[in-house]
Amino acid sequence: MRVAIITADTEIYRGNAEDRSGEAVKEIMEEAGFEVVFMRALPNDREVLSTVMLRLAENGLTDLVLTTGGAGCGASDCTPEATMDVIEKPIVGIPEAMRAYTLQMTKRAMLNRSVAGISKNVLLVNLPGKVQAVRETLKYLLPELIHALEVIQPDRDGR
């Protein structure tokens, strides 16, 4: 399966910071056998984020889009809104489960505004922006994300 990784962080996009959370996502996904077909830091800009996500979904370049960053309560955080601009079918259980799981570790998890859903047979999921939160959350969600991808993808043998 193919995965695209987007880090929503203007400072990383400008080269002023290291993309540690994106690298953590890449490491976990490669260990799980995914092919990373796209990995970029993008600015916290709703139009830029939604345009890139939509192109990835429409062009069939990936099966899964994982974002990290931009889903908090900061003034520039807009990843959930950009994702909602693209998805056709929300999957509310994924972010609900993520928040419930991480609430066991920190009450600040309740401030995460992540969303998830499907667009053009592509699953899109917003992950937290902090490295440790990304690692814990993605490892927790991964088995169910794989199952969701198997359900979402049309039969590969033409049925």
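Biologist: How many aromatic pairs does a search of the whole structure find?

Modeller: The search, run over the whole of this predicted model, finds one aromatic pair. Its members are Tyr101 and Tyr140, which are stacked, with 4.0 Å from centre to centre and 5° between the planes.

Biologist: Which helices do Tyr101 and Tyr140 lie in?

Modeller: Tyr101 belongs to helix H5, residues 93–103, and Tyr140 to helix H6, so the pair ties together parts that are 39 residues apart in sequence.

Biologist: And how exposed are they, Tyr101 to begin with?

Modeller: Tyr101 counts as partly exposed, at 25% relative accessibility, and Tyr140 is likewise classed as partly exposed, at 39%.

Biologist: Staying with H6, is Leu145 buried or exposed?

Modeller: Leu145, which is found in helix H6 (residues 131–152), is buried, since its relative accessible area is 2% and the cut-off for buried is under 20%.

Biologist: What is Leu145 in contact with, leaving aside its neighbours within four places in sequence?

Modeller: With those neighbours left aside, Leu145 is in contact with Leu66, Ile94, Leu123, Val125 and Leu138. As for Asn59, which is 86 residues from Leu145 along the chain, the two C-alpha atoms are separated by 21 Å.

Biologist: Val125 again: what stands opposite that residue of S6?

Modeller: Ala116 stands opposite Val125, in the pairing of S5 with strand S6 (residues 122–127), where the two strands run antiparallel and are joined by four bridges. S5 and S6 form a hairpin with two residues between them, and Lys120 in the turn has a positive phi of about 55°.

Biologist: Which way do the residues of S5 point?

Modeller: In strand S5, residues 116–119, Ala116 and Ile118 point one way while Gly117 and Ser119 point the other way, and all are buried. S5 also runs antiparallel to strand S4 (residues 89–90), to which two bridges join it, and there Lys89 stands opposite Ile118.

Biologist: Changing topic, how many disulfides does the count come to?

Modeller: The count comes to zero disulfides. Cys73 is in none, and the nearest cysteine sulfur, that of Cys78, is 13 Å away.

Note on methods. Residues are numbered from 1 along each chain as its sequence is written. This is a predicted model: local features need pLDDT of at least 70, side-chain atom pairs count only at pLDDT 80 or more; totals for chains, interfaces and linings use all residues. Side-chain values use heavy atoms; hydrogens and water are left out. Buried means under 20% relative accessible area, exposed over 50%, partly exposed in between (1.4 Å probe, protein chains only). Contact means heavy atoms within 4.5 Å. Two strands pair if DSSP finds at least two bridges between them. A disulfide is a pair of cysteine sulfur atoms within 2.5 Å. Rings of Phe, Tyr and Trp (its six-membered ring) pair if their centres lie within 6.5 Å; planes under 30 degrees apart count as stacked, over 60 as edge-to-face and the rest as tilted.
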